[in-house]
Amino acid sequence: MEREKKYIKTILIDSDDEEALKDAAEHLRNGEVVGFPTETVYGLGCDAGNGDAVKRVFEAKGRPADNPLICHIADKEQIKDIVSEITPLAQKLIDSFMPGPITIVMKKSDSVSRLTTAGLDTVGVRMPSHPVANRFLRYCGVPVAAPSANLSGRPSPTGARSVLEDMDGYIYAVIDGGDSEFGLESTVVDCTGKEPVILRPGAVTRADIDRVLQDGVTVVSSTLDNGETPRSPGMKYRHYAPFAQVEIMRMPEGTKITGDDAAGSDGRIVRGSFKAEDLKKLTDEEAKELVNIASPFILRSREILSKNPFARIGLYCGDEIKAMYDKLNDKILSAHTEFCAYGRTTDVSCASHWLFEGLRFLDVQEVDVILAQGFDGEGLSVAYMNRLTKASGKKEELTPGMPAPARPVRTPLPIDAFKDTSTASVLFVDDNNISLSACCESLMRLMLEKNEPYISNTEDDTGFEIYCESAGLTAMDGMDPDPDMDKAVRELTGLGMNSIESRRANPAVYDCNDLILTVRDEQAFAIVKAFPEIKDKVFSLSTFAAANGLVMKDSSGRVMSISVPDPSGENYETYLHTAKALNAWLELLFPYILKELGASRV
Ligand code: TXA
Ligand code: MG
């Protein structure tokens, strides 16, 4: 199904704005699609009785039409309108778990559009416990059909920003209700038979359901074996796929998992509270366990890097593992690793809460592979591993006809979306500052702009502004760029360098930059020789690459040193070639430059 933009921008609604909430509900009743928060993940809601509106949801999501939507309600009274029969078994689960992270599949009534249920005669019913969802659904006054608000095949969104990432312009509005508490979609239970069948594991666990059932009745877990017709059509599709390949790192057997009583989460979901210095506080026993959990990450990372020195690795792991990396202080390993640390390592509710956001964040960092913490055991671990295993499916296993996951399209956030802002700056240095360093400055400025906004690597709520300038060791002040280089940059980027004027490098310029990159090795040596106290922030392009483990080898395995040609006095083709070479260098170094400055893309 073709995806078509309907709006210039999707409206972002503050959940405290009661009037805006009512307006969104009215638009939904009139056939529009509205994103809304729930305690599991964000949903993409429409009027379940309006076939055209339902079609719009399938279209916005790029979802195959044979995968049904579930109906969301604000009041248990609404159930009898959408189902033809509530069995005693269903009633028991309704009484025990609604409102909450559960979807109960029952026989449908005629009031629900067949498009909603994809032609099935059953319907999934869900009553979210999220207060904003409840208020919104009440204003809607009709059952709201809603799948998770992600583009089909992508990780489900657990924050309004992620909904916009996938849906901006495709839906009328999204209501911002903060982070979803659980972070994984609801448990789907089929109650149309004698025994309940768990079609999708979630925060309401098998043990939770077993606890409330009558004697003799047990829960059946449904798995999708080869050739079996799926009872839940969603099961046959590959889900939660980030762009990068995902590998699961297992915990050693017997590791004690905490946070399994997810229903009743109590502010445990804090990230970054554990720092490298806290490692000292661990008992010997705890420290040993941690080493065992961290080792697979470190070994696998080194293995990947030994095969491909350019690989970029994302880690979805606990805070303690990140702390161990910090302590290890392996420059190359760190330079190639992007972290999303979810909180305490063995806490499965933290890992679940951040999983989808983590996969999305690591995708934005453009890593090649994501190593993600696995959990063994029952309870919430089952739901977590269900999603992670699907996310780790091989790319080739994509169902034909399903769109391949696209690199996320970033919606630039205004810098005032962050509580604080930090700044950092990078300086390019050459001899005369009218050609190579000026070219680097121009190209870098464009790269920085294209990848905005940035966030601090250490403070979650701090936005990062990154600047870039250039100077020359022997430059005269105020000269225009070399016309041939100007032309080459224009050919490469569509933009000229006219805003750049040459200037002489000096200690004051060095002082206000956090990273200094020279075009040639000898220029970096000259700066360090004159000002040894700034040696830690001065590199040439090639020593910066080498310091980050980016070594290029020729066909016989010898390390190649890369030199940038000097085009001055040569023909225009040489300038163009040089500008292209510098662009390739900077694109390669860009993520490492961000890292050196302490920033990440968001
Ligand atoms: O937590 C959730 O359930 C979220 C929030 C927004 O409520 N919604 C959600 O919807 O995850 P969706 O469409 O992404 O996943 C619903 C799953 C799909 O795998 C679908 O195949 C299955 O439930 N499902 C829906 N109706 C069904 C039915 N009548 N019989 C069997 N499976 C059904
Ligand atoms: Mg979904």
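**Cavities, ligand and backbone**

Q: What does a search for cavities of 30 Å³ or more find in the whole structure?
A: The search finds two such cavities. A cavity here is a set of points, on a 1 Å grid over the protein atoms alone, where a 1.4 Å probe fits but cannot get out.

Q: What am I looking at, and how is it labelled?
A: This is a predicted model, where local features need pLDDT of at least 70, side-chain atom pairs count only at pLDDT 80 or more, and totals for chains, interfaces and linings use all residues. Residues are numbered from 1 along each chain as its sequence is written, chains are lettered from A and ligands numbered from 1 in written order, and side-chain values use heavy atoms, without hydrogens and water.

Q: How much space lies in the largest cavity?
A: About 80 Å³. That volume is the space filled by probe spheres set on the grid points, which are joined across faces, edges and corners.

Q: Which residues line the largest cavity?
A: Among them are Glu 4, Lys 6, Arg 56 and Tyr 170. Lining residues have an atom within 4 Å of a point. The lining divides into six nonpolar, no polar and five charged residues. Asp, Glu, Lys and Arg count as charged; Ala, Val, Leu, Ile, Met, Phe, Trp, Tyr, Cys and Pro as nonpolar; the others, Gly among them, as polar.

Q: Switching to ligand 1. How many residues surround it?
A: 28 residues do, and the closest are Thr 40, Asn 67, His 72, Arg 126 and Ser 186. To count, a residue needs a heavy atom within 4 Å of the ligand.

Q: Where do polar side-chain atoms lie relative to oxygen atoms of ligand 1?
A: One from Thr 40 lies 2.6 Å from a ligand oxygen. For Arg 63 the distance is 2.8 Å. Ser 148 has a side-chain N or O atom 2.9 Å from an oxygen of ligand 1.

Q: What is the make-up of the shell around ligand 1?
A: The shell has 12 nonpolar, 11 polar and five charged residues.

Q: New topic: the backbone. Which peptide bond into Pro 99 is cis?
A: The one from Met 98, with omega near -5°. The bond from Glu 452 to Pro 453 is also cis, with omega near -5°.

Q: What is phi at Asn 329?
A: Near 55°, a positive value in a residue other than glycine.

Q: Is Asn 329 buried or exposed?
A: Asn 329 counts as exposed because its relative accessibility is 61%. Buried means under 20%, exposed over 50%, and partly exposed in between, using a 1.4 Å probe and protein chains only.

Methods. 1 Å grid on protein atoms, 1.4 Å probe; cavity = no way out; pocket = protein on both sides within 12 Å on 5 of 7 lines; lining within 4 Å. Polar contact = N/O pair within 3.5 Å; in protein donor to acceptor, adjacent residues only side chain to side chain.
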